[in-house]
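Work through the exercises below with the sequence and the structure side by side, and try each task before reading its solution.

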Amino acid sequence: MQNQNFNITFLLDQTPIEVFNAINNVRGWWSEELEGDSEKLNDEFIYRHGDFHYSKHKLTEVIPNEKIVWLTLESKLSFVEKQNEWNGTKMIFEISKQGDKTKLDITHSGLVPGLQCYDGCSKGWTHYLKNSLLPIITIGQGKPDLKK
């Protein structure tokens, strides 16, 4: 059976350390209003998007220039029936060299088509990853949710 977790991959000219540092700058690409820390092993942070998305994450794996894993500890997605669908899911960022490029493979493990939020959440991740994480890696400027 094919892996159905949400996944997106980028091939980049930047070095693994540049990619790693950009991912860890979560305020620079996801939300300026992030609460907590998001850079070191066991750091915890909270993300909110209006009244319809709340999630609390813990960094459970941090291998410099290679891998970052966030475990979703709590979630409340008010736009679906089972509002804690993200609980226990993992956002996995894997960085590797591919020839003279850097490969960034991003998987939201547990975000699968069977979840009610899959369609909306996949579109949301695609937006943030393509339109904000990718630019912060490539040009140094993301497009995170702004402080109100």
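The exercises that follow go from the sheet to the helices, the core and the aromatic rings.

The model is predicted, so that local features need pLDDT of at least 70 and side-chain atom pairs count only at pLDDT 80 or more, while totals for chains, interfaces and linings use all residues. Residues are numbered from 1 along each chain as its sequence is written, and side-chain values use heavy atoms, with hydrogens and water left out.

**Exercise 1.** Find the order of the strands in the sheet, and state which strands stand at its edges.

*Solution.* Begin with the strands, which are DSSP runs of E with at least two residues, just as helices are runs of H or I with at least four, both numbered from the N terminus. Two strands pair if DSSP finds at least two bridges between them. In the open sheet, 7 strands follow the order E1-E7-E6-E5-E4-E3-E2, with antiparallel pairing. Strands E1 (6–12) and E2 (35–36) each have a single partner strand and therefore stand at the edges, with one side left without a neighbour in the sheet. As an example of a pair, E3 (residues 44–49) and E4 (residues 53–63) are joined in the antiparallel sense over 6 bridges, and Tyr47 stands opposite Ser55 in E4.

**Exercise 2.** Determine which strands helix H3 lies across.

*Solution.* Helix H3, made of residues 118–138, lies across E1, E3, E5, E6 and E7, and runs at about 15 degrees to E1; such angles run from 0 to 180 degrees between N-to-C directions of lines fitted to C-alpha atoms, for helices over the stretch in contact (heavy atoms within 4.5 Å).

**Exercise 3.** Classify the ring pair of Phe45 and Trp70.

*Solution.* Rings of Phe, Tyr and Trp (its six-membered ring) pair if their centres lie within 6.5 Å, and planes under 30 degrees apart count as stacked, over 60 as edge-to-face and the rest as tilted. By this rule the count is 13 aromatic pairs. The centres of Phe45 and Trp70 are 4.9 Å apart and their planes stand at 80 degrees, so this pair is edge-to-face. Phe45 in E3 and Trp70 in E5 are 25 residues apart, and their pair links distant parts of the chain.
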